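Dear colleague,

I am passing on the structure we talked about, together with some notes on what was found in it. Please read the notes with the structure open beside them.

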Protein chains: 2
Amino acid sequence: MYSERIRLASLHDKVMSAAEAASLIKDGMTVGMSGFACAGDAKAVPFALVERTGHEPLSISLITGASIGNGLDKLMAEAGLLARRMPFQADPALRKAITEDGHIVPTASVGNSANLALFADQVIVEISLRYGANLEGLHDIYIPPERPERSPIPLVRPDQRIGATAIPIDPAKIAAIVISEYSDSPSNVLPPDGETQAIADHLIGFFANEVEAGRLPRNLGPLQVGVGSIANAVMAGLVDAPFENLSMYSEVLQDSTFELFDAGKLDFASGSSIVLSAARGAQVFGDFERYKERLVLRPQEISNHPEVARRLGIIGINTALEFDLYGNVNSTHVGGTRMMNGIGGSGDFARNAQLAIFVTKSIAKDGAISSVVPMVSHVDHTEHDVDILVTEQGLADLRGLAPRERARAIIDNCVHPEYRAALEDYFARACERGGQTPHVLEEALSWHINQERRGHMLTTA
Amino acid sequence: MYSERIRLASLHDKVMSAAEAASLIKDGMTVGMSGFACAGDAKAVPFALVERTGHEPLSISLITGASIGNGLDKLMAEAGLLARRMPFQADPALRKAITEDGHIVPTASVGNSANLALFADQVIVEISLRYGANLEGLHDIYIPPERPERSPIPLVRPDQRIGATAIPIDPAKIAAIVISEYSDSPSNVLPPDGETQAIADHLIGFFANEVEAGRLPRNLGPLQVGVGSIANAVMAGLVDAPFENLSMYSEVLQDSTFELFDAGKLDFASGSSIVLSAARGAQVFGDFERYKERLVLRPQEISNHPEVARRLGIIGINTALEFDLYGNVNSTHVGGTRMMNGIGGSGDFARNAQLAIFVTKSIAKDGAISSVVPMVSHVDHTEHDVDILVTEQGLADLRGLAPRERARAIIDNCVHPEYRAALEDYFARACERGGQTPHVLEEALSWHINQERRGHMLTTA
């Protein structure tokens, strides 16, 4: 039944149950697992690990490419399984197929799996029968040589293949193979709405001007788009834009990638994982040959590599939680303290892209929160790395502007009308005090404090 | 007298006075000038421009590689000459020599000069007779091809040459040549002291451990060192360290580079400019053949390029003005508002280096200021980009640590004893409130407010 998925016959006797495979993982071990934003993650083995915590002490350090699905992070944390969730690794559980050479073909993500497998002592492979063997050929596994012998990454176009179609490891390291029928968790992206369409429209207008001025080519150059509903919806807005032959050099490919393919706008997409809604996932994987030649999945080290981002001149479009008068962006922490989501690859892209664009709606929670504040409560992307800010109100082009000019552009273009007077007032009083980057320090975080104490950023509201 | 400096004879009739050359620059023009951290800057022509402002309206937009010397920025600003100080450029004044092909040989910096000259409509060249013709061969001018045809930068070792020894421009663009006898301004670096030596010692201990653990090679790998007294003094501390065959891949080469050469510790140094104290400058340029084969100056686009920084795995050592509990670094703004100095290349290095290290003394102004604070008042390098923090008190290794663990390491190792209890108290109360990155928002900037109002970060002192 699974021999076509395990073409190296000598490995057939490694097939075992998830519980047996999980028993190879001992208390105190460091475990790497595949998985990147809910795509291509191990499932049967981590479920079996959680099961074991009911009747034995078991605590591991776990590293993955990014978040994993099926509620597994929560389940593992609640079971007390996770002593630590990031550093070194010994044994990855990968969820894939195996070639004649014992090499591993990933499914819907590459993420960190190739590096994890190369550094691991033992490898457990999960093979999901839910995914067709036609995923083989989708991946491009390139691992830079070790320093000081490291050579240039030969990638000069998003559609170029520079590596192998499978993760090249010694088959002797494969300690167990588990057959499962699990699927990836679907994404829960929200559909586009009037505000995301307005953000997309501002961005399309900006791109059109840049093309007109000769600063961008007619196909814009490779696009990187952050994960999540807003960035996905903004990208979907390009379906009706006057740009053809688009390409993507991105990290997570979402529904919008396939909408752009279907609309004939997108020529090629490079990513590290494919994360789709349930309906779009059924369509794409049910008709995969239609897209396969125009897709490649790479290790996240390559999809996010500063060398490639800079060389290709990518345009990075990522989501801000909030940004401030001077263009600093908070992508992760609500009120400076509570983590909403990780930074993902946005730091690599913002620093090294040709254009770093951040998008957000100007208000949240029915206006109780302004996404444009005097000073962000946490900085993920500094003023130095942020070129363009867009809300449904408008677009601020910060390139080449001094701090006070940036504040002017942001107040005039991005802040919601309900917060404009308050922000204007803060800025005016800050300017009276002077300085290169004027602030009224004792009020700089007052909007966040108000929101925390009174449920609204402006006490007068 | 200057024919050996202008080997293309057809250009000899372009020699004119600084005032005549300056008259080519019209009101409203955008002017690019050479100069990078006081090295290799144009001098005669900008002095002549300042002169003109006394009797005619003259306002230009000026772009350079970095700061320029001889008090020229101040003079030009006070004369009302500068409408803007950064963007596009039309006419650079370069301070160099000219080859048989009409190509330009820079002096003690490359900075942005090559790009400025390539994009300029007209070029004014200043030739300083103070510098010997033996600077020719020091420079390596490589300009990446335009996108989308951009290929990998072929640099794989700090000592490699990949470009030309002069800036290749069409001699027809050379509109004027001015002969001068100006010298570069000397740097005012402070000598090492007990605290900078303590910082160096902590760093040397850390490096020794990394080598022992096999995480760094015995020669550490290419070092990048920020500009300024503290980084220079820390680097000088490596003279007595047990590391041999060091190399530098840096931006500004300071006195410490030549101390390490003289001590036989350093094999090679790559930079974008050479900025020395008066005494060291006289010695180095008076005996330049001694160093020339072990030095190269590159355009700042290459000295700071993310592709090269990442490939070589550089160790970046830069100076912080202050850092906070969670490892965010402020390199530029006192009290969040007043600019102390620019960010320089540190952002490129911190994000893309193998190891990003920031150094500072733990207190300033006789203890009225702590360099370790609850929340920095301005962020130039985010927690995501900072690996190692060092003060004279000790070293915090933040790699792989969660935010609360980072705070613990910083309190235990970096803060000055006079501020330890207060920082510990802040952190404990922040943790009571919870969150991924705990803060007491209404007190987060209180140390800066205290300093501003009462002249000391702790009101009780």
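By what turn, and with what shift along the axis, can chain A be laid on chain B? The turn is 180° and the shift 0.0 Å, with an RMSD of 0.0 Å (least-squares superposition on the C-alpha atoms of residues with pLDDT of at least 70 in both copies), which is the relation of a two-fold axis. A:Glu307 is the residue of chain A that comes closest to this rotation axis, its C-alpha lying at 2.0 Å.

This is a predicted model, in which local features need pLDDT of at least 70 and side-chain atom pairs count only at pLDDT 80 or more, while totals for chains, interfaces and linings use all residues. Residues are numbered from 1 along each chain as its sequence is written, chains are lettered from A and ligands numbered from 1 in the order in which they are written, and side-chain values use heavy atoms, with hydrogens and water left out.

Chain A and chain B each bring 54 residues to the contact (heavy atoms within 4.5 Å), and because 100% of the interface residues of chain A are also interface residues in chain B, the copies meet through the same surface. Between them the chains bury about 4,300 Å², 55% of it on carbon and sulfur atoms (accessible area, 1.4 Å probe, lost on being put together and summed over both). A:Arg147, A:Arg310 and A:Leu441 supply 15% of the area that chain A buries against chain B, more than any other three residues.

Eight salt bridges are counted between the chains (a side-chain nitrogen of Lys or Arg within 4 Å of a carboxyl oxygen of Asp or Glu); one of them joins B:Asp348 to A:Arg351, with the closest N and O atoms 2.8 Å apart.

Best wishes

Note on methods. Buried area is the accessible area (1.4 Å probe) that two parts lose on being put together, summed over both.
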